[in-house]
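Let's take a walk through this structure together. Keep the 3D view open and follow along as we go.

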Amino acid sequence: MAGDILGYYGMLSLLLGRLFLRRSDRALTWWIRIAAVQLVLVTAGPALFAVLDGGLGAIGDPGAEPGYVAYASGEENWLEAVGTRLSTGLLLTFGAAPLSLVAGGYVIFLLGFWAARRRVLEEPGRHLPLLRRTAVVGIAVGWLGALPAALAHVGVLRVPDAAQSESGALTALRDVTGNVAGLGYVAAIALFAHWWASRPPRGGLPVVPALAAVGKRSLSCYLTHSLLFAPVLAAWGLGLGEHLGSASMALFGTAVWLVTVAGAYALERRGRRGPAETLLRRLMYGGAVQPVATGSRAVP
């Protein structure tokens, strides 16, 4: 879909995987620090300066075409919609992804490498203090960073239109602190999963195993969401997105998510990875992918 982050994430994952997958912990830690400094100076710096200096209108373009228009979400012609999605997708994948290596956006990926080496999410019980700090600090930073944009959106805070544009100071501040909030939410979910798993076993639906199966196949589930959402909601498809309200859209979204949960759990019971995860591992490691044991099963 136009403007989608998947190509961007995929390109960065392949680049960073080749560069850092087999690097030492010491090298990885130093590059995390370097990326964090880049993110603050290059990406967040101008926005923070504009907020503190009071010159919010100095950054951004209020006359720029909104993203939903630029990405042709209302385009009814299928061929034109495809053309827009191809061009914007290629720009994000081959333009924005390499640019992140300069702007510091790759720090989140490196933190993921660091956490994976220590099995922070796989064994949350061994990392409870770290997860608690990350959850509290990360979510607090994300909410505070998004607060000015939220207040401006509802009219409580009066700011220049440029500040609220897609390239404006408030948007940049929200996006940067949103990355920190993402880490906080991941930590909070890990804490919840640890608490839930430590409860006495009970009968009923296999909630935790099903959710864990989705996490292991998040890329495949994400792609499935797009494949189910786009033809139904987009103007070039059935166009129901124009007619669904907040409640009906929430119900539709929940139904799509439940479909992916059922599919992921079925793959888990058969001991199989998601198709997108299998392809990504082959691209990352090369050659045949060895089975990986998960519980009592081996996932090929």
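This is a predicted model: local features need pLDDT of at least 70, side-chain atom pairs count only at pLDDT 80 or more; totals for chains, interfaces and linings use all residues.

A search of the whole structure turns up seven salt bridges. Side chains of opposite charge can pair when their charged atoms come close.

Start with aspartate 25, whose side chain meets that of arginine 117 in a salt bridge at 2.6 Å, N to O. Arginine 117 belongs to helix H5 (residues 107-117) and aspartate 25 to helix H2 (residues 25-53), so this pair ties together parts that are 92 residues apart in sequence. Aspartate 25 also meets the side chain of arginine 118 in a salt bridge, at 3.5 Å, N to O. Here the link runs from helix H2 to the loop between H5 and helix H6 (128-153), with the two residues 93 apart. Together, Asp25, Arg117 and Arg118 form a network of salt bridges.

Now move to glutamate 268 and arginine 217, a salt bridge whose closest N and O atoms are 2.8 Å apart. This pair joins helix H11 (residues 246-269) to the loop between helix H9 (207-216) and H10, across 51 residues. Glutamate 268 is buried, at 15% relative accessible area, and arginine 217 is buried too, at 2%.

Finally, look at helix H10 (residues 218-233). Its 16 residues, at 1.5 Å a residue, should span 22 Å, which agrees with the 22 Å between its end C-alpha atoms. The buried residues of H10 include Ser220, Cys221 and Leu233.

Notes
Residues are numbered from 1 along each chain as its sequence is written. Side-chain values use heavy atoms; hydrogens and water are left out. Helices (H or I, at least four residues) and strands (E, at least two) are DSSP runs, numbered from the N terminus. The expected span of a helix is 1.5 Å times one less than its number of residues. Buried means under 20% relative accessible area, exposed over 50%, partly exposed in between (1.4 Å probe, protein chains only). A salt bridge is a side-chain nitrogen of Lys or Arg within 4 Å of a carboxyl oxygen of Asp or Glu.
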